[in-house]
Amino acid sequence: MRFTRFSGCKLSLPLLAAAVMAATAEAGTLFARVEGADTMPGYLARLLINEVPFPGERAYESETSTKEAMREILWVLDSRIHRIPKGYTQRQVAGVRSKNVIDVITGGGGRRQCEGFYQNAAGQFVTDARVEERLDYLLKIANSGEKPGRFAALLNHGQGLARAYAEGGMEGADRFASLRRVGPILVTGHAYSWMTDVGTFHPGGNFVTIPPSDGGALGGNRFFTLRKSPK
Amino acid sequence: MNMRQPNLFVYSTVLAVLLAACRTAPPPGAASAPVPPPELLQSSYLFEVARHLYRWHLDESEVESVVGAKRSEFWVRGLHPELDPGDLSLMGEILMPQLNLSVRVKKADYAIEELGATVKSQDFKIIQVARGHVPARRPSSCVAVEVDFNEMRDYLFRTRNQQDYAGPALLERLREALRKQAAKERVVATNAAGVEQIIHLAPLSPVANETWVFWETGRKLLYFASDIDLANPAVWEHEALMVRIYDLDQQVVVSHEEAPGSNRFLTRDQVGRALFNCLVFGQRMTVMPSAASGSGVTQGANR
């Protein structure tokens, strides 16, 4: 029997072949994966995934709509860093002063910006247990069955967006960039906040609801722009 | 158990009369506009939508703003967003110009291949309520439905205390969900294992797949919502996908102005409305953390 050395282990070739095949089969069933919460792309992906509806959840419309909602949430975060409108400070819009997207997600001064995402007493960026619980459940669904479906596509989209953002910033178009008026109110364009579209919630301050006719109700969320002239 | 059942005939009769009072008008100059799903044009359905808004969204000033009107007007249209392949769901929108409110509704009908489950609603359910975006003129895509305002006002007044309770099966699923949650949170309110938990379940709406639960001992509000009918056992197999939890000690502000841009908080008014419906109209339940322990239900116990 011939042996070959592989990572410090002695394996027979037939055994190695079987191991490789088994590994391939296992990898073949892993249709979706999300990086660890202790990495920037993993933490950001958790937010994008947490904030949008999957099939069966309230306000699910379509795979396309959920993907667009993830992208617009990412645009909100990026705009809170790089597109603070004239007349506003970043702290007024984002609740923090930082160029770091993780800071923008978690907020500061006890005023968390995104429910379930925060900095703990040790200064670590963490998520609520239920965020991980839902993510685990979604991954379990996505990685079941014989072929990747919508759950896998949506999870991979969220992770892909987060990774791309970490590597190169925003790509593509912000659908709210050119918005200049909501009814009689002059606005800045871009979205600066979103809320789960339950009831008639409003984030307060100078935020202006982007109406459904302008695509402001997207993927189970309501998006908000800012008044051109702060109150 | 549905406490409304003894009165269903009465309500059906009343609504049949109201239906006769209902008038529809085609959109001006829009003969080719798609006709909304007929269910959305029935006054019985529109009255239920109005009752849902009356209970969960409208405030005093909004009700006062329409007093004196002779007719209540609804502008109704079908919506046709691009859905996933094979998704046969129907969607529509109901605009209420006198209140400047718009309501989006959905009748789900699609499969989730990964779960081997079908998401199919029997009726249109509210998925979104928005304020302030109703155009001044009726869009050409909308059909106008007019109802007698006094009839609707009387209906809302008559049914303002009506309680649509969850059936025993749904109650048991809610109880189980609460047990799990209490275990996860280590029963923080009592800091003692095995202590009886008290919860209050708000009345259900026949036009929404959502409900609020006040977990008194946990000092939390739980919001259950789904595309699947809550009464469908399938929805409770996936409860991780349908609950949001608000900590009343941490997540309540008087105004969102206090934390602009954050999606974390409820206002005191929002919480007050949820608590009113849970405590005054709701079902009070006791839940023992252990599934083997007993539990009880009292309906409208706090009235």
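1. Leu95(B) stands opposite Ser102(B), which lies in strand 4 of chain B, and Ser102(B) in turn stands opposite Ala130(B) in strand 7 of chain B. This is a predicted model, in which local features need pLDDT of at least 70, side-chain atom pairs count only at pLDDT 80 or more, and totals for chains, interfaces and linings use all residues. Residues are numbered from 1 along each chain as its sequence is written, and side-chain values use heavy atoms, with hydrogens and water left out.

2. Strand 4 of chain B runs antiparallel to strand 3 (residues 90–96) of chain B, to which 7 bridges join it, and 6 bridges join strand 4 of chain B to strand 7 (residues 125–131), also in an antiparallel arrangement. Strands (E, at least two residues) are DSSP runs, numbered from the N terminus, and two of them pair if DSSP finds at least two bridges between them.

3. Why is strand 4 (residues 101–107) of chain B described as largely enclosed by the rest of the structure? The reason is that 6 of its 7 residues are buried, where buried means under 20% relative accessible area (1.4 Å probe, protein chains only).

4. Turning to the interface, the contact (heavy atoms within 4.5 Å) takes 52 residues from chain A and 51 residues from chain B. Across this interface the rule finds 4 salt bridges, each being a side-chain nitrogen of Lys or Arg within 4 Å of a carboxyl oxygen of Asp or Glu. The side chains of Arg150(A) and Asp84(B) meet in a salt bridge, at 2.7 Å from N to O.

Conventions: Chains lettered and ligands numbered in written order. Buried < 20%, exposed > 50% of the residue type's maximum accessible area, 1.4 Å probe, protein only. Helix = DSSP H or I, 4+ residues; strand = E, 2+ residues; numbered from the N terminus.
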